[in-house]
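Here is a friendly walk through a two-chain model, with an eye on how the partners meet. Have the structure open beside you as you read.

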Amino acid sequence: MRRIMLLIGGLLMVSACATWSTSSVQGVGDSGTPVASKAEQKSPQDIVITETDITDRKYKVLGDIAVTVNKTTIFHSDPTKEQVNEELRKEAAKLGADAVIFVRYGTVGIAFTSWGSLDGKGRAIVFLP
Amino acid sequence: MERGEPLFFCLRKLLLLIMVVGFIAGCATSARNLPQDYSSIDARKRLNVEDFDTAAIELTCSQIDDELKILEHDYALQAQDIEGKRVQNQVAGYLGAIFILPALLATDNSAQAKAKIENINRAKDQLYKLRTFKKCPSNSGR
């Protein structure tokens, strides 16, 4: 009985967070992915997210970002594209990027570690003067 | 030990239930891989006419955008189909695993919709490439 109570308690504790996420950044250049200093880091809200390329400005690639948003329990609502965009923005901000281009999404479904998982990928870029 | 046994069986049933529902409710599909870098200042490959077929190269930027809108609409329909079936599958999965085994027959893993999405994504990638090649104005809202 005590074990069951512990299990229920544990479940309630983790269900307080609706989603959790993982991310990875892969460098495109041979030197790997640069991480911007605190001063160079941008605010996530300022980062442009687009599914296409940016053709009217010159840019440099900082890295390819992959994020996964998972719902914590089966009772939470499924992760959305907006949540994936939010995670992409956060990761891009750490790199000092101005935009994330070629953004693409998977489809929501059950993953090894979650009852509802949605992943997204995008290329972090910085505009050149 | 005796007191532990019911919990052990309970957990085993729970694990079985999770596995059954997991299998039938449909797995998440990953986002497709990012295209090769062909437009940054460091790009090792640049796009040229040979990368596209003659019919595609004739398209104007607004025609490309119209094609993309159609594909996005189709994508939304397929995604809606998968989402609808996922809920249906979860309900059938619980019923099948706990009460009525034949309820499992009511599941559908949306293989057809997923295949259509795959084709739509391939077509979208080709059109994005064409937009880059034709230097169509950027649309950050897309």
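Chain B and chain A bury about 3400 Å² between them, and 53% of that area is on carbon and sulfur atoms. Buried area here is the accessible area (1.4 Å probe) that two parts lose on being put together, summed over both. In chain B, the residues that lose the most area to chain A are Ala31(B), Leu34(B) and Arg86(B), together 18% of what that side buries. Counting contacts (heavy atoms within 4.5 Å), 42 residues of chain B touch 39 residues of chain A.

Please keep in mind that this is a predicted model: local features need pLDDT of at least 70, side-chain atom pairs count only at pLDDT 80 or more, and totals for chains, interfaces and linings use all residues. Residues are numbered from 1 along each chain as its sequence is written, chains are lettered from A and ligands numbered from 1 in the order in which they are written, and side-chain values use heavy atoms, with hydrogens and water left out.

The two chains can be set side by side. Helices (H or I, at least four residues) and strands (E, at least two) are DSSP runs, numbered from the N terminus. Chain A has 2 helices and 6 strands, in the order α-β-β-β-α-β-β-β from the N terminus. Chain B has 4 helices and 0 strands.

Now for the polar side of the interface. The rule finds 13 residue pairs in polar contact between chain B and chain A, both residues being at pLDDT 80 or more. A polar contact is a pair of N or O atoms within 3.5 Å; within protein, one must be able to donate a hydrogen and the other to accept it, and residues adjacent in sequence count only if both atoms are side-chain atoms. Helix H1 (4–25), helix H3 (61–98) and helix H4 (111–133) of chain B each supply at least two residues of the side that touches chain A.

Between chain B and chain A there are 3 salt bridges, each a side-chain nitrogen of Lys or Arg within 4 Å of a carboxyl oxygen of Asp or Glu. Here they are by name:

| Residue in chain B | Residue in chain A | N to O distance |
|---|---|---|
| Asp42(B) | Lys60(A) | 3.0 Å |
| Lys124(B) | Glu51(A) | 3.6 Å |
| Asp125(B) | Arg104(A) | 2.8 Å |

Asp125(B) lies in helix H4 of chain B and Arg104(A) in strand S4 (residues 99–105) of chain A, so this pair joins two chains. Arg104(A) is buried, with a relative accessible area of 1%, whereas Asp125(B) counts as partly exposed at 21%. Arg32(B) also belongs to the picture, being linked with Arg104(A) and Asp125(B) in a network of salt bridges. As for the Lys124(B) pair, both Lys124(B) and Glu51(A) are buried.

Finally, where does Asp78(A) lie? Asp78(A) is in the loop between strand S3 (59–71) and helix H2 (81–95) of chain A, and is buried at 19% relative accessible area. Its side chain makes a polar contact with the side chain of Lys71(A) at 3.0 Å. Beyond neighbours within four places in sequence, the contacts of Asp78(A) include Glu83(B) and Arg86(B).

Methods. Buried means under 20% relative accessible area, exposed over 50%, partly exposed in between (1.4 Å probe, protein chains only).
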